[in-house]
Amino acid sequence: MDREKEKAARQFNCSPAEKSSFRCELISFGEVSRLSRLLARKIKATGYKPDLIIAIGRGGFVPGRLISDFLLFNELTTMKVEHYTRGAEMGAEARIKYPIPVDISGKKVLIVDDITDTGDTLSISVAYAQSLNPAEIKTAVLQHKTCSSFTPDFYAQKIIMWRWIIYPWARYEDLAGFAEKILGDRTLDIARIITEFKTRYEIGVREKELLEILQDLAERNEIERVETEKLVGWRVKGK
């Protein structure tokens with residue numbers, strides 16, 4: 001199998017991009033704090049002391065801040081890599097959107113993200129950071145999926161059985177993306193959408209929260225409310 005085929009096979013097995021149904025796990029802020037504290041302890045245990053922490057946006061923003069807190073460390077900056085978008089949709093390839101805004105030449109850096117999924121985000125981040133001539137690069141994530149092509153230096157938890165992880169900072173937009181996927185080319189009422197969240201993604205969604213999401217999508221002109229004698233439902237615009 002050539003490299004491109006290997007990459008395609010890995011991404012299919014490690015990402016939901018081509019799948020219509022997959023298990024999701026909602027992570028609480030309390031669990032994020034626990035994992036961040038554990039990760040900081042693992043970093044300290046090795047004796048590694050970075051000169052700078054770089055949080056990958058947007059998923060690494062909160063973990064980067066928490067880890068810097070648990071390390072009692074103030075030097076924190078960011079960069080942004082785009083890969084996944086709303087509702088677990090994957091872009092064509094990971095790319096640097098906003099570069100590291102400071103000089104890292106000669107410095108020991110710790111690059112932090114929330115999770116390794118395909119591994120592409122950290123791979124491109126490390127390659128980019130290496131081009132800026134740092135003294136040393138280490139990587140850290142809250143959760144590491146074993147299907148990832150990239151293994152970080154530090155992680156708080158290993159995920160062997162694949163599932164899509166929804167962190168609290170991405171919950172709303174992920175649920176919005178899943179709602180649009182559920183609608184597809186159909187018109188569905190609230191009850192049916194809630195049912196499909198459970199059957200397709202193993203997510204329990206409250207009616208109040210879902211209604212707010214649907215209304216926000218309608219304000220963005222992405223879906224529309226449809227009312228007939230038999231149904232009050234929602235559908236994707238243009239379908």
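This is a predicted model: local features need pLDDT of at least 70, side-chain atom pairs count only at pLDDT 80 or more; totals for chains, interfaces and linings use all residues.
**Close-up 1. The loop residue Asn133 and its contacts.** Asn133 sits in the loop that joins helix H4 (120-130) to strand S6 (136-145). Its relative accessible area is 55%, and Asn133 is therefore classed as exposed, the limit for that class being over 50%. When neighbours within four places in sequence are set aside, Asn133 is in contact with Ile104, Ser105 and Gly106. Asp103 lies 30 residues from Asn133 along the chain, and the C-alpha atoms of these two residues are separated by 9.3 Å.

**Close-up 2. The crossing of helices H5 and H6.** The axes of H5 (residues 171-183) and H6 (residues 190-201) come within 10 Å of each other and cross at roughly 100°. Because angles of 65 to 115 degrees fall in that class, H5 is described as roughly perpendicular to H6. On the H5 side the contact is made by Leu175, Phe178, Ala179, Lys181, Ile182 and Leu183, while H6 contributes Ile193, Glu196, Phe197, Arg200 and Tyr201. Sorted by class, the residues of this contact comprise eight nonpolar and three charged ones, with no polar residue.

**Close-up 3. The largest nonpolar core and a second, separate one.** The largest nonpolar core holds 25 residues, of which Phe178, Ile193, Phe197 and Ile203 touch the most other members. At least two residues of this core come from each of strand S8 (164-166), H5, H6, helix H7 (207-219) and S10, and H5 provides the largest share, with six residues. Ile193, apart from its neighbours within four places in sequence, is in contact with Ile182, Leu183, Leu188, Leu210, Leu214 and Trp234. Another core, of 21 residues, lies apart from the largest one, and includes Ile53, Leu71, Ala156 and Tyr167.

**Close-up 4. The hairpin of strands S9 and S10.** Strand S9 (residues 223-227) pairs with strand S10 (residues 232-236) in the antiparallel sense, over five bridges. Four residues lie between the two strands of this hairpin. Within the pairing, Glu224 has Arg235 of S10 as its bridge partner.

Methods. Residues are numbered from 1 along each chain as its sequence is written. Side-chain values use heavy atoms; hydrogens and water are left out. Axes are lines fitted to C-alpha atoms, for helices over the stretch in contact, and angles run from 0 to 180 degrees between N-to-C directions. Angles under 35 degrees count as roughly parallel, over 145 as roughly antiparallel, 65 to 115 as roughly perpendicular and the rest as oblique. Contact means heavy atoms within 4.5 Å. Ala, Val, Leu, Ile, Met, Phe, Trp, Tyr, Cys and Pro count as nonpolar, Asp, Glu, Lys and Arg as charged, and the others, Gly among them, as polar. Two strands pair if DSSP finds at least two bridges between them. A nonpolar core is a set of buried Ala, Val, Leu, Ile, Met, Phe, Trp, Tyr and Cys residues joined through side-chain atoms within 4.5 Å. Buried means under 20% relative accessible area, exposed over 50%, partly exposed in between (1.4 Å probe, protein chains only).
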